[in-house]
Amino acid sequence: MTSAQKKVIIIGGGITGLAAAYALQELARKNQAPVSFTLIEGQPRLGGKILTDTDHGFVIEGGPDSFISQKPWALELCRQLGLENRLTGTNREQTATYILHHGRLVNLPEGLMLLVPTRLRPLLSTPLFSPTGKLRMGMDWIIPKKRGTEDESLAGFVRRRLGREAVERLAEPLLAGIYAGDAEQMSLAATFPQFMELEQRHGSLIRGMLARRREMRGRTPSGREPSPGTIPTTMFMTLKGGLSELVTALVSKLDQNALMIGTEAERIHWKSGLSTYHVRLKDGTTMTADAVIAASPAYVTADLLAETDATLVRSLREIPYVSTATVSLAYRKDSFRHPLNGFGFVVPRSEGRSIMACTWTSTKFPHRSPENRVLLRCFVGGVGREDIANLAEKEMVNAVRDDLRAIMNITEEPILSRVYRWEKANPQYPVGHLDRLAGIDDRLTRLPGLFLAGAAYRGVGVPDCIRQGNNAAERAFAYLTARQ
Ligand SMILES: Cc1cc2nc3c(=O)[nH]c(=O)nc-3n(C[C@H](O)[C@H](O)[C@H](O)COP(=O)(O)OP(=O)(O)OC[C@H]3O[C@@H](n4cnc5c(N)ncnc54)[C@H](O)[C@@H]3O)c2cc1C
(Lines give C-alpha, C1' and ligand atoms only; values in the text may rest on other atoms or scores of the structure.)
Protein backbone atom coordinates (compact mmCIF):
# COMPACT_ATOMS: atom_id res chain seq x y z
CA MET A 1 0.00 0.00 0.00
CA THR A 2 1.45 3.38 -1.01
CA SER A 3 1.22 6.28 1.43
CA ALA A 4 -1.60 7.76 -0.67
CA GLN A 5 -3.56 4.50 -0.62
CA LYS A 6 -6.97 4.97 1.01
CA LYS A 7 -8.85 2.13 2.58
CA VAL A 8 -12.61 1.63 3.13
CA ILE A 9 -14.03 -1.04 5.41
CA ILE A 10 -17.52 -2.20 4.41
CA ILE A 11 -19.41 -4.01 7.17
CA GLY A 12 -22.13 -6.40 6.00
CA GLY A 13 -22.21 -8.53 2.85
CA GLY A 14 -25.91 -8.30 2.08
CA ILE A 15 -26.97 -6.73 -1.22
CA THR A 16 -26.30 -3.21 0.15
CA GLY A 17 -22.70 -3.95 1.19
CA LEU A 18 -21.97 -5.92 -1.99
CA ALA A 19 -23.37 -3.15 -4.21
CA ALA A 20 -21.27 -0.62 -2.28
CA ALA A 21 -18.13 -2.74 -2.73
CA TYR A 22 -18.70 -3.13 -6.46
CA ALA A 23 -19.48 0.56 -6.98
CA LEU A 24 -16.37 1.58 -5.02
CA GLN A 25 -14.16 -0.83 -6.94
CA GLU A 26 -15.51 0.51 -10.26
CA LEU A 27 -15.02 4.14 -9.19
CA ALA A 28 -11.41 3.44 -8.18
CA ARG A 29 -10.73 1.59 -11.44
CA LYS A 30 -12.30 4.20 -13.72
CA ASN A 31 -10.57 7.09 -11.96
CA GLN A 32 -7.34 5.17 -11.41
CA ALA A 33 -7.61 6.24 -7.79
CA PRO A 34 -5.69 4.45 -4.99
CA VAL A 35 -8.84 3.50 -3.08
CA SER A 36 -9.32 -0.10 -1.89
CA PHE A 37 -11.82 -1.85 0.35
CA THR A 38 -12.27 -4.79 2.69
CA LEU A 39 -15.73 -6.24 3.10
CA ILE A 40 -16.45 -7.92 6.43
CA GLU A 41 -19.35 -10.36 6.60
CA GLY A 42 -20.20 -12.10 9.86
CA GLN A 43 -21.94 -15.14 8.35
CA PRO A 44 -20.18 -17.87 6.38
CA ARG A 45 -22.05 -16.82 3.22
CA LEU A 46 -22.64 -13.56 1.37
CA GLY A 47 -26.03 -12.18 0.29
CA GLY A 48 -27.75 -11.51 3.63
CA LYS A 49 -31.52 -11.78 3.10
CA ILE A 50 -30.98 -12.98 -0.47
CA LEU A 51 -30.86 -16.76 -0.27
CA THR A 52 -31.80 -19.19 -3.04
CA ASP A 53 -31.87 -22.98 -2.71
CA THR A 54 -32.31 -25.49 -5.49
CA ASP A 55 -33.75 -28.93 -4.89
CA HIS A 56 -35.06 -31.56 -7.37
CA GLY A 57 -35.57 -28.92 -10.07
CA PHE A 58 -37.22 -26.37 -7.74
CA VAL A 59 -35.77 -22.90 -7.31
CA ILE A 60 -36.71 -21.92 -3.76
CA GLU A 61 -36.24 -18.38 -2.53
CA GLY A 62 -35.82 -18.09 1.22
CA GLY A 63 -35.95 -14.27 1.23
CA PRO A 64 -36.80 -11.92 -1.65
CA ASP A 65 -38.00 -13.61 -4.84
CA SER A 66 -38.09 -10.64 -7.24
CA PHE A 67 -37.67 -6.88 -7.41
CA ILE A 68 -39.84 -4.06 -8.66
CA SER A 69 -38.71 -2.82 -12.07
CA GLN A 70 -40.05 0.74 -11.66
CA LYS A 71 -37.09 1.38 -9.38
CA PRO A 72 -34.27 0.92 -11.90
CA TRP A 73 -31.22 0.16 -9.72
CA ALA A 74 -31.50 -3.64 -9.60
CA LEU A 75 -32.13 -3.93 -13.35
CA GLU A 76 -29.21 -1.59 -14.05
CA LEU A 77 -26.89 -3.61 -11.83
CA CYS A 78 -27.96 -6.86 -13.53
CA ARG A 79 -27.15 -5.30 -16.89
CA GLN A 80 -23.76 -4.02 -15.69
CA LEU A 81 -22.92 -7.52 -14.45
CA GLY A 82 -23.85 -9.12 -17.78
CA LEU A 83 -26.95 -10.82 -16.35
CA GLU A 84 -29.32 -9.42 -18.99
CA ASN A 85 -29.98 -12.88 -20.46
CA ARG A 86 -30.73 -14.27 -17.03
CA LEU A 87 -33.49 -11.74 -16.31
CA THR A 88 -37.05 -12.96 -16.45
CA GLY A 89 -40.46 -11.47 -15.73
CA THR A 90 -43.65 -12.81 -14.26
CA ASN A 91 -46.20 -14.97 -16.08
CA ARG A 92 -48.19 -12.78 -18.49
CA GLU A 93 -51.11 -15.20 -18.89
CA GLN A 94 -52.23 -15.53 -15.28
CA THR A 95 -51.81 -12.20 -13.57
CA ALA A 96 -54.69 -12.21 -11.08
CA THR A 97 -54.04 -11.45 -7.41
CA TYR A 98 -56.60 -12.49 -4.83
CA ILE A 99 -57.50 -11.21 -1.43
CA LEU A 100 -59.05 -13.25 1.34
CA HIS A 101 -62.42 -11.76 2.17
CA HIS A 102 -64.73 -13.44 4.69
CA GLY A 103 -62.83 -16.70 4.17
CA ARG A 104 -63.06 -16.69 0.34
CA LEU A 105 -60.53 -15.65 -2.29
CA VAL A 106 -61.81 -12.62 -4.20
CA ASN A 107 -60.08 -11.28 -7.29
CA LEU A 108 -58.68 -7.78 -6.84
CA PRO A 109 -60.77 -5.53 -9.09
CA GLU A 110 -59.10 -4.71 -12.41
CA GLY A 111 -57.79 -1.19 -12.80
CA LEU A 112 -56.35 -0.91 -9.30
CA MET A 113 -53.10 1.05 -9.42
CA LEU A 114 -51.27 0.35 -6.16
CA LEU A 115 -54.55 0.55 -4.27
CA VAL A 116 -56.31 3.30 -6.14
CA PRO A 117 -59.31 2.32 -8.30
CA THR A 118 -58.99 3.74 -11.81
CA ARG A 119 -61.83 1.83 -13.53
CA LEU A 120 -65.45 2.20 -12.56
CA ARG A 121 -67.05 -1.02 -13.82
CA PRO A 122 -64.73 -3.51 -12.01
CA LEU A 123 -65.05 -1.43 -8.86
CA LEU A 124 -68.85 -1.45 -9.02
CA SER A 125 -69.04 -5.22 -9.62
CA THR A 126 -66.48 -6.42 -7.03
CA PRO A 127 -67.86 -8.14 -3.93
CA LEU A 128 -64.79 -6.92 -2.02
CA PHE A 129 -66.44 -3.65 -0.90
CA SER A 130 -69.91 -2.79 0.33
CA PRO A 131 -71.98 -0.26 -1.69
CA THR A 132 -71.23 2.35 0.98
CA GLY A 133 -67.52 1.45 0.86
CA LYS A 134 -67.52 1.98 -2.93
CA LEU A 135 -69.29 5.31 -2.59
CA ARG A 136 -66.78 6.35 0.04
CA MET A 137 -63.88 5.50 -2.26
CA GLY A 138 -65.44 7.66 -4.99
CA MET A 139 -65.53 10.60 -2.58
CA ASP A 140 -61.76 10.86 -3.02
CA TRP A 141 -62.67 12.77 -6.17
CA ILE A 142 -64.13 15.67 -4.17
CA ILE A 143 -62.49 15.57 -0.72
CA PRO A 144 -60.14 18.56 -0.52
CA LYS A 145 -56.42 17.89 -0.23
CA LYS A 146 -54.73 18.10 3.13
CA ARG A 147 -53.12 21.38 4.03
CA GLY A 148 -49.47 21.01 4.96
CA THR A 149 -47.17 18.09 4.31
CA GLU A 150 -46.46 16.73 7.77
CA ASP A 151 -46.14 12.96 7.99
CA GLU A 152 -49.12 10.72 8.82
CA SER A 153 -49.73 6.98 8.95
CA LEU A 154 -50.44 5.03 5.78
CA ALA A 155 -53.76 3.86 7.28
CA GLY A 156 -54.70 7.40 8.34
CA PHE A 157 -54.04 8.71 4.85
CA VAL A 158 -55.97 5.96 3.05
CA ARG A 159 -58.86 6.24 5.52
CA ARG A 160 -58.99 9.99 4.93
CA ARG A 161 -58.98 9.68 1.14
CA LEU A 162 -60.66 6.36 0.34
CA GLY A 163 -62.39 5.24 3.54
CA ARG A 164 -62.17 2.49 6.13
CA GLU A 165 -62.82 -0.47 3.82
CA ALA A 166 -59.93 0.55 1.57
CA VAL A 167 -57.64 0.43 4.61
CA GLU A 168 -58.78 -2.97 5.85
CA ARG A 169 -59.21 -4.72 2.52
CA LEU A 170 -56.47 -3.14 0.39
CA ALA A 171 -53.87 -0.93 2.09
CA GLU A 172 -53.23 -3.12 5.09
CA PRO A 173 -52.81 -6.47 3.30
CA LEU A 174 -51.23 -5.18 0.07
CA LEU A 175 -48.94 -2.39 1.19
CA ALA A 176 -48.27 -3.15 4.83
CA GLY A 177 -47.44 -6.71 3.67
CA ILE A 178 -44.33 -5.40 1.88
CA TYR A 179 -42.99 -4.13 5.21
CA ALA A 180 -44.57 -6.88 7.34
CA GLY A 181 -45.76 -3.79 9.19
CA ASP A 182 -48.81 -2.18 10.73
CA ALA A 183 -50.44 0.34 8.41
CA GLU A 184 -51.63 2.30 11.47
CA GLN A 185 -47.98 2.94 12.44
CA MET A 186 -46.23 3.13 9.06
CA SER A 187 -44.98 6.50 7.86
CA LEU A 188 -46.61 7.59 4.62
CA ALA A 189 -43.72 9.93 3.82
CA ALA A 190 -41.10 7.18 4.22
CA THR A 191 -42.98 4.34 2.52
CA PHE A 192 -45.30 5.74 -0.17
CA PRO A 193 -44.32 9.38 -0.75
CA GLN A 194 -45.87 9.12 -4.22
CA PHE A 195 -49.33 9.13 -2.58
CA MET A 196 -48.58 12.42 -0.84
CA GLU A 197 -47.36 13.86 -4.10
CA LEU A 198 -50.47 12.72 -6.00
CA GLU A 199 -52.74 14.29 -3.41
CA GLN A 200 -50.83 17.55 -3.40
CA ARG A 201 -50.53 17.78 -7.20
CA HIS A 202 -53.96 16.55 -8.27
CA GLY A 203 -56.09 17.08 -5.16
CA SER A 204 -57.30 13.46 -5.45
CA LEU A 205 -55.64 10.05 -5.60
CA ILE A 206 -57.97 8.77 -8.31
CA ARG A 207 -57.48 11.84 -10.52
CA GLY A 208 -53.72 11.60 -9.93
CA MET A 209 -53.55 7.92 -10.83
CA LEU A 210 -55.62 8.48 -13.99
CA ALA A 211 -53.19 11.22 -15.01
CA ARG A 212 -50.26 8.92 -14.30
CA ARG A 213 -51.86 6.13 -16.35
CA ARG A 214 -52.20 8.50 -19.31
CA GLU A 215 -48.50 9.39 -18.97
CA MET A 216 -47.46 5.74 -18.79
CA ARG A 217 -49.53 4.62 -21.80
CA GLY A 218 -47.32 3.24 -24.53
CA ARG A 219 -44.44 2.65 -22.17
CA THR A 220 -43.18 -0.52 -20.48
CA PRO A 221 -44.15 -1.10 -16.84
CA SER A 222 -40.71 0.14 -15.85
CA GLY A 223 -41.66 3.47 -17.35
CA ARG A 224 -39.01 3.23 -20.09
CA GLU A 225 -39.33 2.77 -23.82
CA PRO A 226 -38.28 -0.81 -24.64
CA SER A 227 -35.18 -0.86 -26.83
CA PRO A 228 -34.99 -3.47 -29.59
CA GLY A 229 -33.55 -6.79 -28.46
CA THR A 230 -34.07 -6.22 -24.75
CA ILE A 231 -36.24 -8.56 -22.75
CA PRO A 232 -39.76 -7.34 -22.00
CA THR A 233 -40.05 -5.89 -18.51
CA THR A 234 -42.88 -6.79 -16.16
CA MET A 235 -43.71 -5.00 -12.92
CA PHE A 236 -41.65 -7.56 -10.98
CA MET A 237 -38.46 -9.02 -12.41
CA THR A 238 -36.14 -11.73 -11.20
CA LEU A 239 -33.28 -13.98 -12.33
CA LYS A 240 -33.90 -17.40 -13.82
CA GLY A 241 -31.89 -19.26 -11.22
CA GLY A 242 -33.06 -17.09 -8.32
CA LEU A 243 -31.81 -13.81 -6.87
CA SER A 244 -28.66 -15.49 -5.53
CA GLU A 245 -27.44 -15.27 -9.14
CA LEU A 246 -27.08 -11.54 -8.54
CA VAL A 247 -25.01 -12.17 -5.42
CA THR A 248 -22.80 -14.74 -7.21
CA ALA A 249 -22.23 -12.40 -10.16
CA LEU A 250 -21.38 -9.47 -7.89
CA VAL A 251 -18.99 -11.51 -5.77
CA SER A 252 -17.22 -12.89 -8.84
CA LYS A 253 -16.40 -9.32 -9.96
CA LEU A 254 -14.95 -8.28 -6.60
CA ASP A 255 -11.32 -8.51 -5.55
CA GLN A 256 -11.41 -11.87 -3.76
CA ASN A 257 -8.64 -10.84 -1.36
CA ALA A 258 -10.88 -8.02 -0.13
CA LEU A 259 -13.57 -10.36 1.22
CA MET A 260 -13.47 -11.43 4.87
CA ILE A 261 -16.31 -13.90 5.32
CA GLY A 262 -17.37 -15.49 8.60
CA THR A 263 -15.80 -12.71 10.67
CA GLU A 264 -18.04 -10.42 12.70
CA ALA A 265 -17.16 -6.79 13.30
CA GLU A 266 -17.50 -5.89 16.97
CA ARG A 267 -16.65 -2.18 17.45
CA ILE A 268 -15.89 0.89 15.39
CA HIS A 269 -13.60 3.49 16.98
CA TRP A 270 -13.11 6.93 15.48
CA LYS A 271 -9.63 8.37 15.99
CA SER A 272 -10.36 12.02 15.27
CA GLY A 273 -6.73 13.17 15.59
CA LEU A 274 -5.64 10.69 12.93
CA SER A 275 -8.88 10.85 10.88
CA THR A 276 -8.97 7.08 10.86
CA TYR A 277 -11.31 4.35 12.00
CA HIS A 278 -10.29 1.26 13.92
CA VAL A 279 -12.61 -1.68 13.42
CA ARG A 280 -12.25 -4.43 16.00
CA LEU A 281 -13.33 -7.90 14.90
CA LYS A 282 -14.69 -10.73 17.04
CA ASP A 283 -11.54 -12.75 16.40
CA GLY A 284 -9.58 -10.09 18.31
CA THR A 285 -7.89 -8.40 15.35
CA THR A 286 -8.22 -4.69 14.64
CA MET A 287 -8.23 -3.16 11.18
CA THR A 288 -7.60 0.47 10.26
CA ALA A 289 -9.45 2.40 7.57
CA ASP A 290 -9.91 5.93 6.26
CA ALA A 291 -13.65 5.44 5.84
CA VAL A 292 -16.30 2.92 6.89
CA ILE A 293 -19.55 1.94 5.19
CA ALA A 294 -21.82 0.22 7.72
CA ALA A 295 -24.30 -1.88 5.72
CA SER A 296 -25.33 -3.96 8.71
CA PRO A 297 -28.82 -3.88 10.34
CA ALA A 298 -29.35 -0.64 12.33
CA TYR A 299 -29.32 -2.39 15.73
CA VAL A 300 -25.97 -4.04 14.84
CA THR A 301 -24.58 -0.71 13.67
CA ALA A 302 -25.72 0.78 17.02
CA ASP A 303 -23.67 -1.87 18.88
CA LEU A 304 -20.68 -1.25 16.62
CA LEU A 305 -20.81 2.48 17.37
CA ALA A 306 -21.51 2.06 21.10
CA GLU A 307 -18.35 3.95 22.05
CA THR A 308 -18.74 6.85 19.63
CA ASP A 309 -21.89 8.97 19.92
CA ALA A 310 -24.66 8.11 22.39
CA THR A 311 -27.32 10.16 20.55
CA LEU A 312 -26.57 8.48 17.23
CA VAL A 313 -26.59 5.06 18.89
CA ARG A 314 -29.98 5.76 20.52
CA SER A 315 -31.54 6.84 17.22
CA LEU A 316 -30.24 3.72 15.47
CA ARG A 317 -31.59 1.47 18.20
CA GLU A 318 -35.00 3.14 17.90
CA ILE A 319 -35.48 1.81 14.36
CA PRO A 320 -37.81 -1.14 15.04
CA TYR A 321 -37.41 -4.54 13.41
CA VAL A 322 -39.82 -7.49 13.23
CA SER A 323 -39.33 -11.17 12.54
CA THR A 324 -40.86 -13.03 9.60
CA ALA A 325 -40.52 -16.45 7.98
CA THR A 326 -41.26 -18.00 4.61
CA VAL A 327 -42.62 -21.50 4.19
CA SER A 328 -42.29 -23.09 0.75
CA LEU A 329 -44.37 -26.18 0.00
CA ALA A 330 -44.26 -28.31 -3.16
CA TYR A 331 -46.86 -30.79 -4.41
CA ARG A 332 -47.38 -33.26 -7.23
CA LYS A 333 -49.36 -31.55 -9.99
CA ASP A 334 -51.45 -34.59 -10.97
CA SER A 335 -53.03 -34.90 -7.52
CA PHE A 336 -53.35 -31.13 -6.95
CA ARG A 337 -56.87 -29.80 -7.40
CA HIS A 338 -56.53 -26.04 -7.11
CA PRO A 339 -56.04 -24.31 -10.52
CA LEU A 340 -53.46 -21.80 -9.16
CA ASN A 341 -54.81 -19.29 -11.66
CA GLY A 342 -52.88 -16.21 -10.59
CA PHE A 343 -49.90 -14.87 -8.65
CA GLY A 344 -51.38 -15.76 -5.25
CA PHE A 345 -53.25 -13.99 -2.49
CA VAL A 346 -52.90 -11.64 0.47
CA VAL A 347 -54.66 -11.94 3.82
CA PRO A 348 -56.09 -8.97 5.75
CA ARG A 349 -55.35 -9.07 9.47
CA SER A 350 -59.09 -9.11 10.20
CA GLU A 351 -59.34 -12.61 8.67
CA GLY A 352 -57.42 -13.96 11.69
CA ARG A 353 -55.13 -16.31 9.74
CA SER A 354 -51.50 -17.30 10.33
CA ILE A 355 -50.35 -16.47 6.83
CA MET A 356 -49.88 -12.89 5.60
CA ALA A 357 -49.61 -13.80 1.93
CA CYS A 358 -49.13 -16.78 -0.34
CA THR A 359 -47.34 -16.69 -3.69
CA TRP A 360 -48.33 -19.32 -6.24
CA THR A 361 -44.71 -19.53 -7.33
CA SER A 362 -45.12 -22.16 -10.04
CA THR A 363 -47.64 -19.86 -11.79
CA LYS A 364 -45.96 -16.51 -11.10
CA PHE A 365 -42.50 -17.79 -12.12
CA PRO A 366 -43.19 -21.03 -14.05
CA HIS A 367 -39.48 -21.89 -14.49
CA ARG A 368 -39.08 -22.24 -10.70
CA SER A 369 -40.81 -25.60 -10.54
CA PRO A 370 -40.53 -28.79 -12.64
CA GLU A 371 -43.37 -29.39 -15.17
CA ASN A 372 -45.23 -31.99 -13.11
CA ARG A 373 -44.96 -30.18 -9.77
CA VAL A 374 -46.40 -27.05 -8.14
CA LEU A 375 -44.70 -24.74 -5.67
CA LEU A 376 -46.30 -22.34 -3.15
CA ARG A 377 -44.60 -19.90 -0.81
CA CYS A 378 -46.26 -18.45 2.27
CA PHE A 379 -45.19 -15.49 4.42
CA VAL A 380 -45.80 -15.51 8.14
CA GLY A 381 -44.91 -13.18 11.00
CA GLY A 382 -44.64 -9.40 10.94
CA VAL A 383 -46.03 -6.79 13.34
CA GLY A 384 -48.51 -8.36 15.77
CA ARG A 385 -48.00 -11.85 14.30
CA GLU A 386 -44.38 -12.54 15.22
CA ASP A 387 -45.30 -15.49 17.46
CA ILE A 388 -46.03 -17.54 14.31
CA ALA A 389 -42.55 -16.81 12.90
CA ASN A 390 -41.09 -18.08 16.18
CA LEU A 391 -42.91 -21.44 16.18
CA ALA A 392 -40.96 -24.68 15.88
CA GLU A 393 -40.58 -25.68 12.23
CA LYS A 394 -43.15 -28.49 12.33
CA GLU A 395 -45.75 -26.33 14.06
CA MET A 396 -45.17 -23.49 11.62
CA VAL A 397 -45.68 -25.81 8.63
CA ASN A 398 -48.83 -27.21 10.27
CA ALA A 399 -50.23 -23.71 10.87
CA VAL A 400 -49.60 -22.83 7.22
CA ARG A 401 -51.13 -26.10 6.00
CA ASP A 402 -54.21 -25.52 8.17
CA ASP A 403 -54.67 -22.14 6.50
CA LEU A 404 -54.12 -23.55 3.01
CA ARG A 405 -56.68 -26.27 3.71
CA ALA A 406 -59.26 -23.72 4.87
CA ILE A 407 -58.56 -21.15 2.14
CA MET A 408 -57.64 -23.23 -0.92
CA ASN A 409 -58.94 -26.65 0.10
CA ILE A 410 -55.45 -28.17 -0.19
CA THR A 411 -55.50 -31.50 1.59
CA GLU A 412 -52.60 -33.11 -0.31
CA GLU A 413 -49.35 -33.97 1.48
CA PRO A 414 -46.49 -31.73 0.34
CA ILE A 415 -43.57 -33.57 -1.24
CA LEU A 416 -41.18 -30.89 -0.01
CA SER A 417 -41.33 -28.22 2.66
CA ARG A 418 -38.75 -25.56 3.47
CA VAL A 419 -38.85 -23.01 6.28
CA TYR A 420 -36.65 -19.90 6.33
CA ARG A 421 -36.63 -17.86 9.50
CA TRP A 422 -35.82 -14.18 9.38
CA GLU A 423 -35.31 -13.00 12.91
CA LYS A 424 -35.39 -9.21 13.44
CA ALA A 425 -35.12 -8.97 9.68
CA ASN A 426 -37.72 -6.46 8.56
CA PRO A 427 -37.02 -2.84 9.56
CA GLN A 428 -40.09 -0.69 10.17
CA TYR A 429 -40.55 2.93 9.13
CA PRO A 430 -42.97 4.39 11.68
CA VAL A 431 -44.44 7.90 11.38
CA GLY A 432 -41.53 10.33 11.85
CA HIS A 433 -38.96 7.95 10.30
CA LEU A 434 -37.64 10.69 8.00
CA ASP A 435 -37.13 13.03 10.98
CA ARG A 436 -35.20 10.27 12.72
CA LEU A 437 -33.01 9.89 9.61
CA ALA A 438 -32.39 13.64 9.56
CA GLY A 439 -31.27 13.41 13.20
CA ILE A 440 -28.94 10.51 12.33
CA ASP A 441 -27.47 12.46 9.41
CA ASP A 442 -26.87 15.39 11.71
CA ARG A 443 -24.93 13.24 14.20
CA LEU A 444 -22.94 11.65 11.35
CA THR A 445 -21.42 15.04 10.53
CA ARG A 446 -19.35 14.51 13.71
CA LEU A 447 -17.98 11.25 12.29
CA PRO A 448 -16.55 12.20 8.88
CA GLY A 449 -15.93 9.21 6.65
CA LEU A 450 -18.65 7.04 8.21
CA PHE A 451 -21.55 6.17 5.92
CA LEU A 452 -24.68 4.15 6.77
CA ALA A 453 -26.68 2.30 4.14
CA GLY A 454 -29.23 -0.49 3.90
CA ALA A 455 -32.81 -1.55 4.45
CA ALA A 456 -33.11 0.28 7.78
CA TYR A 457 -32.96 3.72 6.21
CA ARG A 458 -34.28 4.71 2.79
CA GLY A 459 -36.18 1.79 1.28
CA VAL A 460 -36.37 -1.89 2.14
CA GLY A 461 -36.61 -3.41 -1.35
CA VAL A 462 -33.62 -4.81 -3.22
CA PRO A 463 -33.48 -1.89 -5.73
CA ASP A 464 -33.48 0.72 -2.92
CA CYS A 465 -30.76 -1.20 -1.07
CA ILE A 466 -28.62 -1.23 -4.22
CA ARG A 467 -29.21 2.51 -4.69
CA GLN A 468 -28.16 3.16 -1.09
CA GLY A 469 -25.04 0.95 -1.48
CA ASN A 470 -24.06 2.84 -4.66
CA ASN A 471 -24.68 6.15 -2.98
CA ALA A 472 -22.58 5.26 0.08
CA ALA A 473 -19.72 4.20 -2.22
CA GLU A 474 -19.92 7.47 -4.17
CA ARG A 475 -19.88 9.53 -0.98
CA ALA A 476 -16.98 7.53 0.50
CA PHE A 477 -15.02 7.89 -2.74
CA ALA A 478 -15.66 11.65 -2.93
CA TYR A 479 -14.64 12.03 0.74
CA LEU A 480 -11.37 10.13 0.27
CA THR A 481 -10.34 11.65 -3.03
CA ALA A 482 -11.04 15.17 -1.74
CA ARG A 483 -8.51 14.46 1.04
CA GLN A 484 -5.75 13.12 -1.28
C1 LIG B 1 -38.75 -12.81 3.87
C2 LIG B 1 -38.35 -11.58 3.09
C3 LIG B 1 -38.85 -11.40 1.79
C4 LIG B 1 -38.49 -10.27 1.08
N5 LIG B 1 -38.96 -10.13 -0.21
C6 LIG B 1 -38.53 -9.11 -0.96
C7 LIG B 1 -38.83 -9.08 -2.35
O8 LIG B 1 -39.50 -9.98 -2.90
N9 LIG B 1 -38.35 -8.03 -3.09
C10 LIG B 1 -37.56 -7.05 -2.53
O11 LIG B 1 -37.15 -6.14 -3.25
N12 LIG B 1 -37.22 -7.08 -1.21
C13 LIG B 1 -37.68 -8.09 -0.44
N14 LIG B 1 -37.28 -8.17 0.88
C15 LIG B 1 -36.42 -7.10 1.43
C16 LIG B 1 -34.96 -7.27 1.03
O17 LIG B 1 -34.66 -8.61 0.80
C18 LIG B 1 -34.02 -6.75 2.11
O19 LIG B 1 -34.44 -5.49 2.60
C20 LIG B 1 -32.59 -6.58 1.57
O21 LIG B 1 -32.14 -7.79 1.00
C22 LIG B 1 -31.69 -6.14 2.72
O23 LIG B 1 -30.36 -6.00 2.27
P24 LIG B 1 -29.24 -5.38 3.21
O25 LIG B 1 -27.93 -5.63 2.55
O26 LIG B 1 -29.57 -3.97 3.55
O27 LIG B 1 -29.34 -6.18 4.58
P28 LIG B 1 -29.02 -7.71 4.88
O29 LIG B 1 -29.38 -8.56 3.74
O30 LIG B 1 -29.63 -7.96 6.20
O31 LIG B 1 -27.43 -7.74 5.02
C32 LIG B 1 -26.76 -7.33 6.18
C33 LIG B 1 -25.54 -8.21 6.33
O34 LIG B 1 -24.78 -7.77 7.45
C35 LIG B 1 -24.25 -8.92 8.07
N36 LIG B 1 -23.85 -8.59 9.45
C37 LIG B 1 -24.65 -8.39 10.52
N38 LIG B 1 -23.91 -8.11 11.60
C39 LIG B 1 -22.62 -8.10 11.20
C40 LIG B 1 -21.40 -7.86 11.88
N41 LIG B 1 -21.34 -7.55 13.19
N42 LIG B 1 -20.24 -7.94 11.18
C43 LIG B 1 -20.25 -8.24 9.87
N44 LIG B 1 -21.40 -8.50 9.18
C45 LIG B 1 -22.57 -8.41 9.84
C46 LIG B 1 -25.38 -9.93 7.98
O47 LIG B 1 -24.91 -11.25 8.18
C48 LIG B 1 -25.89 -9.68 6.58
O49 LIG B 1 -25.27 -10.48 5.62
C50 LIG B 1 -37.62 -9.29 1.65
C51 LIG B 1 -37.13 -9.47 2.95
C52 LIG B 1 -37.47 -10.60 3.66
C53 LIG B 1 -36.91 -10.80 5.05
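The model is predicted: local features need pLDDT of at least 70, side-chain atom pairs count only at pLDDT 80 or more, and totals for chains, interfaces and linings use all residues. Residues are numbered from 1 along each chain as its sequence is written.

**View 1. Helix α9, residues 205-216.** Helices (H or I, at least four residues) and strands (E, at least two) are DSSP runs, numbered from the N terminus. Helix α9 has twelve residues and reaches 16 Å from its first C-alpha to its last. That is close to the 16 Å expected at 1.5 Å a residue (1.5 Å times one less than the number of residues). L205, I206, G208 and M209 are the buried residues of α9. They cover an arc of only 160° around the axis, so they sit on the same side of α9; the arc is that of the directions from the helix axis to the C-beta atoms. On the other side, R214 and E215 are exposed. A residue is buried if 20 or more other C-beta atoms lie within 10 Å of its own, exposed if 12 or fewer, and partly exposed in between; C-beta atoms are placed from the backbone. The buried residues of α9 pack against β9 (112-113), β10 (116-117), α5 (154-162) and α8 (193-202) (contact: C-beta atoms within 7 Å).

**View 2. The bend in helix α6, residues 164-179.** Helix α6 bends by about 50° at A171; the bend is the angle between axes fitted to the seven residues ending there and the seven starting there. A proline, P173, follows within four residues. Both A171 and P173 are among the buried residues of α6. Partners of the buried residues include α4 (131-138), α7 (188-191) and β21 (416-427). Just after α6, A180 takes a positive phi of about 50°.

**View 3. L114 and K424, two positive phi values.** Most residues other than glycine have a negative phi. L114 has a positive phi of about 55° and lies in the loop between β9 and β10. It counts as partly exposed, because it has 16 C-beta neighbours inside 10 Å. K424, in strand β21, has a positive phi of about 40°. With 14 such neighbours inside 10 Å, K424 also counts as partly exposed.

**View 4. The shell around the ligand.** Surrounding the ligand are 36 residues (C-beta atom within 6 Å). The closest are G12, G14, G48, P64 and G454. Elements giving two or more residues to the shell include α1 (15-30), β17 (321-332) and α17 (462-482). The shell divides into 16 nonpolar, 16 polar and four charged residues. Ala, Val, Leu, Ile, Met, Phe, Trp, Tyr, Cys and Pro count as nonpolar, Asp, Glu, Lys and Arg as charged, and the others, Gly among them, as polar.

Methods
Contact = placed C-beta atoms within 7 Å.
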